[in-house]
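Thanks for coming. I will keep this short and start by putting the structure on the screen.

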Amino acid sequence: YRDDDDINDVASMAGVNLNEESARIMATNSDLVGTQIQSCKDEPFLAAIPLHKRILEMAKKLGITDVPAEVVTFISHATQNRLRTVIEKVTVITQHRMESYKDDEWYEQATDVRSQLKFFEQLERLEKQRKDEQEREILLKAAKSRSRQEDPEQARLKQKAKEMQQQELAQMRQRDANLTALAAIGPRKKRKLDSPGLLTIGGEGLGMSGGSQAGLGTPSSRQYARQKITRVNLRDFIFYMEQEREMSHSLLLYRALLK
């Protein structure tokens with residue numbers, strides 16, 4: 001009666017019964033009553049003993065003789081956080097590099113360097129083929145000439161033409177032998193898929209039946225999602241270091257550029 005009529009009780013004036021609310025909270029979290037929650041042990045990212053020795057070696061140069069263990073733990077966590085940040089940024093750079101805009105309707109291709117290089121390579125191939133044909137004609141004319149004068153240059157051309165004809169004859173024989181071997185082998189047969197209940201280990205088949213077949217069954221029964229792999233190369237790290245203010249003029253960046 002006193003609680004209901006107490007003018008200073010704000011919860012009663014708002015129409016809230018604290019006893020009912022407490023009972024409802026206890027009923028909702030009844031599975032947590034009596035449980036004991038403990039904090040997990042803080043595991044350092046780096047090995048504590050070698051890191052402590054390295055910090056002591058650097059601290060002695062500055063006149064510091066004692067470094068507590070909390071400093072080692074803090075530096076280990078800072079290293080882990082820094083490494084995580086670097087990996088995240090470099091991963092984003094790699095994903096941007098691997099992104100393709102060929103099928104994007106908002107982009108149109110302005111230049112195609114690969115096609116241009118292929119065109120120049122084709123021009124060089126045609127030019128080389130034309131020069132080879134001219135040289136071949138000269139050698140064939142020199143081989144067919146029947147001049148009575150003993151010219152050393154003419155003899156050299158005849159010898160070179162003879163070697164060229166022998167090389168072409170050997171290539172034709174090799175090509176014919178390859179075609180004959182392929183014809184004797186016949187068309188390639190497609191490899192048969194393994195049977196659903198067969199587990200192949202080292203080229204030997206082990207039959208599975210019953211429950212084991214249900215667990216290892218057909219490949220379609222359990223399909224594992226292939227994890228997408230992001231491959232980071234040195235160029236991504238160089239781009240990342242160029243964008244970072246504290247690393248854009250570092251010695252590490254110049255060493256990476258020289259590789």
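First, the conventions. This is a predicted model, in which local features need pLDDT of at least 70 and side-chain atom pairs count only at pLDDT 80 or more, while totals for chains, interfaces and linings use all residues. Residues are numbered from 1 along each chain as its sequence is written, and side-chain values use heavy atoms, with hydrogens and water left out.

Now the core. By nonpolar core I mean a set of buried Ala, Val, Leu, Ile, Met, Phe, Trp, Tyr and Cys residues joined through side-chain atoms within 4.5 Å. Buried is under 20% relative accessible area, exposed is over 50%, and partly exposed is in between, with a 1.4 Å probe and protein chains only. The largest such core has nine residues: Val86, Val90, Ile93, Ile238, Tyr240, Met241, Met247, Leu253 and Ala256. Two or more of these residues come from each of α5 (69-98), α9 (234-243) and α10 (251-258). Helices here are DSSP runs of H or I, at least four residues, numbered from the N terminus. What does Leu253 touch, leaving out residues up to four places away in sequence? Its contacts, meaning heavy atoms within 4.5 Å, are Ile238, Met241, Glu242, Met247 and Ser248.

Next, the surface. Phe119, Phe120, Leu123 and Leu126 make a nonpolar patch of about 400 Å². Patch residues have over 30% relative accessible area and no salt bridge; nonpolar side chains (Val, Leu, Ile, Met, Phe, Trp, Tyr) are joined within 5 Å, like charges within 9 Å. Areas come from the Shrake-Rupley method with a 1.4 Å probe, and for residues only the protein chains shown count as cover. Phe120 sits in helix α6 (residues 113-144) and is partly exposed, at 48% relative accessibility.

Last, the salt bridges: a side-chain nitrogen of Lys or Arg within 4 Å of a carboxyl oxygen of Asp or Glu. The whole structure has six. In one of them, Lys89 pairs with Glu244, with the closest N and O atoms 3.1 Å apart. Lys89 is in helix α5 and Glu244 in the loop between α9 and α10, 155 residues apart. Is Glu244 buried or exposed? Glu244 is buried, at 11%, whereas Lys89 is partly exposed, at 36%.

Glu168 and Arg136 also form a salt bridge, 2.9 Å from N to O. Glu168 lies in helix α7 (residues 152-185) and Arg136 in helix α6, so this pair ties together parts 32 residues apart in sequence.
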